[in-house]
Each structure stands twice: as C-alpha cells, then as structure tokens.
Protein chains: 2
Amino acid sequence: MLPHFADLLVQSISKAGAPICVGLDPVLDRLPAALASLEPPQALLAFSQGVIDAITGIAPAIKFQSACYERHGSAGVASLEAAISHARAKGLVVILDAKRGDIGLSSEHYAASAVSAGAHAITVSGYLGPSGISPFLAAGLGVFVLVRTSNPDSDVIQAQPLADGRSIAELMADTVNHLGKAHLGAQGFSSVGAVVGATKAHEAQALRARLPRAFFLIPGYGAQGGTAADVQAMLTKARGGILVTASRSVIYPTAKPNEDWRQAIHAAAVAFSREISQVVQG
Amino acid sequence: MLPHFADLLVQSISKAGAPICVGLDPVLDRLPAALASLEPPQALLAFSQGVIDAITGIAPAIKFQSACYERHGSAGVASLEAAISHARAKGLVVILDAKRGDIGLSSEHYAASAVSAGAHAITVSGYLGPSGISPFLAAGLGVFVLVRTSNPDSDVIQAQPLADGRSIAELMADTVNHLGKAHLGAQGFSSVGAVVGATKAHEAQALRARLPRAFFLIPGYGAQGGTAADVQAMLTKARGGILVTASRSVIYPTAKPNEDWRQAIHAAAVAFSREISQVVQG
C-alpha cells in the first residue's frame, strides 16, 4: 500500500526544507567524461545513481524523464527501473515523467507498470477524459495532469477560449479539481496535481484559484525564463502547494577545476534549494 | 530512410484488399492455454508472433498497444521490440500505439525510440501543441494524432465548444490538417493522420471535411458500438483514407473444438477483412 501521495510530498518537502524537484533527463552527449567508456544504458544508470546520491538530503523529490531512457530501448528501460529503485532506497519522492494518456484499460496497464517500477506519481495527459486518469489514482499513484505547459506553442491548444469564457487550460484545471476532490489527504492537498509551467505566470493566479487543493509541478523556472514572481503567483495562501523542477541547471553544472561531477551537482542542488526557499518566503 | 508513411499505407492496403488493422493488446489472462507455462514476457512474445503469423497476408497493418507490454517492465518492452521486428519481417505496416505527447526534445527521444524499435508510425497526443508532434515527423515516422477518441467520457474535453464555434476535437483536427500539409505523399495522403473513434460518427463527417488528406485510424468498430454507417461517414470521396482497427474480436476469437488458436485468429482476421471490404464498397 502506497502512502497518500500528497501527504508524502508535504512531509518530504518539510523535511528537505524547499519544494524542489530535480529533473533527471540524461542524454549521452552531456554525461561526465568519466562515464564515456560505458555502454549507453550503463552510462545512464551510473549517471542517474550519481545524481541521486548527490541530491539526497537536499531535494525532496526527483522526476525521471522516461523518454531519455526509452530512447535506448528495453535496456534503457531496465536502467530506468534500477535508477528508480535507487532513488526509492534513498528516500526520495519519485515522479515518473511519462505523460501517459490513454483510455481506461490501457491506463490501468501504464499504472501497473509505474507502480512496479517504484514510482510514487506520474505525469499524465487528460485529453481522453477523466477515465484515462482515474486508473492511476486507483493504483495508489499520485498524478500530475498536463494543464499549462511551458513550451511557447502550447498556446495553439491550451490558450484557446471556450464558448463559456474559460481557456482550454482552465477547462483542464476544472477537470483536475473535480477529480481531485475525492483524493484529499490529511494535509489538505489532493493527490491529483497539475503541471503548470513557470513561463505562464500571467495565467498562474487564475489556475491557482481554480485548483486550491492541487500541487503544481512547475517546470520552466530559470533556463526557460520563469521568474521568482511567476512561481510566487502559484503559491497557495499558506505558501505551499508547489514543486519547482529544474533539470539541466542542476544535473549539468559547470564543475570547478578538479571537482568531482557529483560534488558539482550537489552544490547546484544546494543553490537551487536556497533560491527556491527564498522565493517561497517572498 | 523510411518510406513515406501514407504512401506505404495506401500501397499495403491495396495489396491486402481491405483497410484493416489488427490491434495487439495482449493481457495474460486471455492468452491461449498452450502458452500458460511461459514466463509473462515470453508468453506475450509467443502470442504476438502467433498473431502476426496468423494475420500476415490478410491485414495490411498491425497496431501494438505499448501499455500491455510496458506492464511487464523492461522485459515486456524487450518482447515488444522482438514482436515489432517479427511484424516488420513479415511485411506488415507497424503502428506503435503509445499515445506519447511531450515537448520537443522529449518527443525527439520518443521518436528515436520508436524508429529504433522498427515502427512505421506512432499515436501521439497533441495537447502540448505542434512542436510536440513535429519531432516524430522529422524522424520519418507517420503519426496519428488523438482527435476524437471512442471512450464515452472523452466528451468532457473533446466535445467542449470553443468561442469560435468549433469543438476542441475540431481545433485538434485543424491543427493536424495544418501540420499535415507539409507531409503529403504521392498518393495524396498526409503522413499526419488522426485517431477518430467509430462511436462518434455524428461528428465524423465534419472531421473528414476538415481533414481531407488525413488517414483516420478508427478504433471502436464492432465491440464498442461503431457501425458500418459510422465508418462510411469517415471515407474520403474516393472511398479511402481509413484504417479500421479491431483488437479483442480478432485476437481472442472463440476457437472451434480442436482448432489451433492461430487458425482461429486467422479466420477472425479473414472475416474482419471481408466485413470492412463490404463497408467500404457500401
């Protein structure tokens, strides 16, 4: 039996001190030179384990980009499974960023796969409707539904206005809120969260108003242009409910001369944690 | 270099005689008794190979439900890779039903994964916008974008009216049509297709009018309630542009006494082919 996801997340953030999540999106041509002699799936795993060790105690959560591992076929997926297992052993909250979205029965299979791998939560697409999301919740996982993504051309779909005045992103937010009411934890947050990019902060306050009980998984801070004010717009009144992710800025830091790559990642995670702590304190 | 997907599909349908696609959605508790002694990934592979052999020469295309294989972890994904390889060797058009949908760079990884596995095309979600779809086309794959799905509660999102009078499904259709114009083949069809469920035929004519050059991948015929008239509403004026999928009715047929399971699947595929031929002839 998995713990209630939102309660676990609140507890882990409180312990770590900042609502941050390190995104593990490994690509071969950016791995440390020390790993260059390994076969690709082994290099991905060694890098993943190094990142996990470096951020343990600093970040409450880690987000695995499934595509980066799937790129290397079944051997890459085996590395993902082993990396998730290592993250679990280190006590990290594990989010599988797989953006799955299918009808009920296939979603059940995806949910079973994520649970077997050891994920606590998964990112999902809601385009097929609530019945594509519910199976993940029934399996005990938390979900982060794609509501408003950080890529510029997401406007083509997500920003379009409905006849009733809402945007498509707001329709998705209301769908998430409705589903989430049945999955509230003891800390007042739902296990049904939302992906809301930090580059869309002019809409963030409206989305927060529609989703008072949802955790926002927030990509796009920093490198993609999201600012402290953008993130602050997504906080709840109690200054909670957010999980800010950073990937490249943490996992590919510029190392000092003679610094081990894991030390450099640790330092980058510490800096990211401090920065977001200050953002939350406002 | 992959052939132009839509041209390949037109050619394969013409050779096989009917625009059908067998959906391979294997679940352990429905596999033939003869495979019960195998470990799950091996049972999935043996079943997949049997289905492929049974439908070769009858169906032009096969659609692999990725979730069914992913359920069994990296070993299940290895079975999927081997099954796709077998389908390619038999000359089938291979559609990976993975419904991936991410931003550009992650979509590039998913595209590379599908190409490596041997797929000709993949199903994708368009919620993140055109830049999440384009990487699959750049990799030489055909795509089928989720436009109108066959599950009842898809209406919660896809049927909602926009301010300009279109439904969200029609917005997605227009996005698909716009992307597709740059990917037309010699036969007049685009490699950017659409998933349109056969249970939504009251909308099918409107979607066909918006997507004159797109192949429609059509689930929901038969078991889910789609009728011949529903499918006919999706034909182009030249009575083409469709690929009707059936899964359970073909891969889990009721075998006659002493009939081998592969013979029963072959017979079910032949019956499905005849039925859809008649539907197309109207």
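Two residues are in contact if their C-beta atoms, placed from the backbone, lie within 7 Å. This is a predicted model, in which local features need pLDDT of at least 70, side-chain atom pairs count only at pLDDT 80 or more, and totals for chains, interfaces and linings use all residues. Residues are numbered from 1 along each chain as its sequence is written, and chains are lettered from A in the order in which they are written.

Q: What share of the contacts in chain A with a separation of 6 or more joins residues 24 or more positions apart?
A: Such pairs account for 70% of those contacts.

Q: Why is chain A called as compact as a globular protein of its length?
A: The globule rule is 2.2 Å times the number of residues to the power 0.38, and the radius of gyration is taken over C-alpha atoms. For 282 residues the rule gives 19 Å, and the radius of gyration of chain A is 18 Å, close to that value, so chain A is as compact as a globular protein of that length.

Q: What makes a residue buried, and how many of the 282 residues in chain A are so, in percent?
A: A residue is buried if 20 or more other C-beta atoms lie within 10 Å of its own, exposed if 12 or fewer, and partly exposed in between, with C-beta atoms placed from the backbone. In chain A, 59% of the residues are buried.

Q: Why are the buried residues of helix 9 of chain A said to line one face?
A: Helices are DSSP runs (H or I, at least four residues), as strands are (E, at least two), numbered from the N terminus. In helix 9 (residues 201-210) of chain A, the buried residues are A201(A), A204(A), L207(A) and R208(A). The arc is that of the directions from the helix axis to the C-beta atoms. These residues fall within an arc of 100 degrees, so they line one face of the helix. The face turned away carries the exposed residues H202(A) and A209(A). Strand 5 (142-148) and helix 8 (168-180) of chain A are among the elements that cover the buried residues.

Q: How do you know that chains A and B are related by a two-fold axis?
A: Copies are superposed by least squares on the C-alpha atoms of residues with pLDDT of at least 70 in both. A rotation of 180 degrees with 0.0 Å of shift along its axis superposes chain B on chain A (RMSD 0.0 Å), which is the relation of a two-fold axis. The same surface serves both copies, as 100% of the contact residues of chain B recur in chain A.
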